[in-house]
Amino acid sequence: METERNAAWRPLLGGRLAERAAAVIDDIAGELAATRRAIGTGADAYPARVLGRPHLGTGSSGPALFFAYLDPARPGGGALDEAVGYLELAVDQLGRQPAHPILYDGFFGVGWVAEHLKGRAYEPGGEGDDGDPNVELDELLLAVLAPGWAGDYDLIRGLVGLGVYALERLPAPPARRALDQVVSQLAERAEERPDGLAWWTPAELALTVGLRPGRSGHYNLGVAHGAAGTIGFLAHLVELELEGERARPLLEGAVAWFLAQGTGDPAESIFPDAILPGEPPQPTRTAWCYGDAGIAAVLLRAARAAGRPEWEARACAVARAVARRPLERMAVIDAGLCHGAAGLGHLFNRLWQATGDDGFRAAAVAWFERALAMRRPGDGFAGFRTWTRTQDEVIWREDPSFLTGAAGIGLALLAATTPVAPEWDRVMLLSMPPRRAR
């Protein structure tokens, strides 16, 4: 897989704000380390129960990423031992618990983390071919793809997520074969629309967002569960010159259809969360999982990969519209990566690093200030709480996880305060190739 290790990544935050962020990073590290020890003693506190599962998104493999990226900032401080400890914990849990063949909440997420941390936090040995611990997972991936994937097409739980695992495993031959299968099946599912190519999510696979009882399904536009994530994945293939005869036409068609859906009010929501036939588009929140911020980042990624300056202009226009919106209008009430303030700070940090636009830098700083202001020392996990909506109420919880909790917040703060490129966000389809000469 491509790397950004030699790219010039610039620390975003400075002065007292950077000092505050560093203190928060240390607190997150301390509480995560204590939670891992508590899991070993059978503790039943909520954070230990969360990390009692191996998942990348909401389990024990996510903190392994945090500690692996903490080590360059705190060398010799024991972060690598914690990274390995969390990865070993996740692998052990994977062997003892039922898991699904998906990325964020299944065993391919654990495999993604293991592959990503090779050479960073540990050197493989002792399992599989040439000590490769993921060989069995590669075989399993080909097995679940061979009869045709019956699940969703999305990043979190579907075909795109399987492709993201395979991308991380390159240049292993099974990864190439898996990518061939993923692209073939995405092509088979692509629906020709008047404006381009789209992917339909039937009601039995759909989340409740944007759906009403009795509806047959929707065209999902999110990064996490919809077409924006497909665009981000195809952009990676085009950048790496893989599956070129199929990936580029799919990307071209997907972006054409997608851009035609962006007709909303720039002051509120340009892109909806979903398109329901016969229903007017509805505005959505601003986040990575859904909404204009995550969409702008993947569109910029696609523009750079395909060498399409007109896409880049549209992506930047969407991002600038988000940067101008009042923070209080964006329905951001916690700090996590998925739909929180640190996630928006990281998205705008990515956009600033990629373009040099000072408006994106200012937006990134503002969102990190907002994330730090949400912290309440002594409450939640390292001072942060995450909201979860049920049918009847909103519940606030201590959350140590990668996608919605403290581990992800810590990773975003590390990317904002150190010169270490956040390659971990490949799993969110956010890594960015440099600008091409025109």
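**Figure 1. Pro171 sits in the loop between α7 (159–169) and α8.** The peptide bond from Leu170 to Pro171 is cis, with omega near 10 degrees. Most peptide bonds are trans. Helices here are DSSP runs (H or I, at least four residues; strands are E, at least two), numbered from the N terminus. The model is predicted: local features need pLDDT of at least 70, side-chain atom pairs count only at pLDDT 80 or more, and totals for chains, interfaces and linings use all residues. Residues are numbered from 1 along each chain as its sequence is written, and side-chain values use heavy atoms, with hydrogens and water left out.

**Figure 2. Helix α8 (residues 173–189) packs on helix α9 (residues 227–239).** Two packed helices are described by the angle between their axes and the distance between the axes. For α8 and α9 the angle is about 135 degrees, and the axes are 12 Å apart. That makes α8 oblique to α9. Axes are lines fitted to C-alpha atoms, for helices over the stretch in contact, and angles run from 0 to 180 degrees between N-to-C directions. Angles under 35 degrees count as roughly parallel, over 145 as roughly antiparallel, 65 to 115 as roughly perpendicular and the rest as oblique. The crossing of α8 and α9 is left-handed (the near helix is turned anticlockwise from the far one by less than a right angle; clockwise would be right-handed). Leu179, Val182, Val183 and Leu186 of α8 meet Thr230, Phe233 and Leu237 of α9, where contact means heavy atoms within 4.5 Å. By class, this contact has 6 nonpolar, 1 polar and no charged residues. Ala, Val, Leu, Ile, Met, Phe, Trp, Tyr, Cys and Pro count as nonpolar, Asp, Glu, Lys and Arg as charged, and the others, Gly among them, as polar.

**Figure 3. Glu241 lies in the loop between α9 and α10 (244–260).** Glu241 has a positive phi of about 55 degrees, although it is not a glycine. Most residues other than glycine have a negative phi.

**Figure 4. Helix α1 (residues 15–40) packs against helix α3 (residues 61–70).** The angle is about 130 degrees, with the axes of α1 and α3 11 Å apart. The two helices are therefore oblique to each other. α1 passes α3 in a left-handed crossing. From α1 come Ile25, Ile28, Ala29, Leu32 and Ala33; from α3 come Pro63, Phe66, Phe67 and Leu70. The contact of α1 with α3 has 9 nonpolar, no polar and no charged residues.

**Figure 5. α3 also packs with α15.** Here the angle is about 25 degrees and the axes are 9 Å apart. α3 and α15 are therefore roughly parallel to each other. Their crossing is left-handed. Pro63, Leu65, Phe66, Tyr69 and Leu70 of α3 touch Ala407, Gly410, Leu411 and Leu414 of α15. The contact of α3 with α15 divides into 8 nonpolar, 1 polar and no charged residues.

**Figure 6. The largest cavity holds about 50 Å³ of space.** The whole structure has 3 cavities of 30 Å³ or more. A cavity is a set of points, on a 1 Å grid over the protein atoms alone, where a 1.4 Å probe fits but cannot get out; lining residues have an atom within 4 Å of a point. Grid points are joined across faces, edges and corners, and a volume is the space filled by probe spheres set on the points. Tyr69, Leu411, Leu414, Ala415, Thr418, Val420, Pro422 and Trp424 line the largest cavity. Helix α15 (residues 406–417) gives the largest share of this lining, 3 residues. The lining has 7 nonpolar residues, 1 polar and no charged.

Terms used: On a 1 Å grid over the protein atoms alone, a cavity is a set of points where a 1.4 Å probe fits but cannot get out, and a pocket is an open set with protein on both sides within 12 Å along at least five of seven lines; lining residues have an atom within 4 Å of a point.
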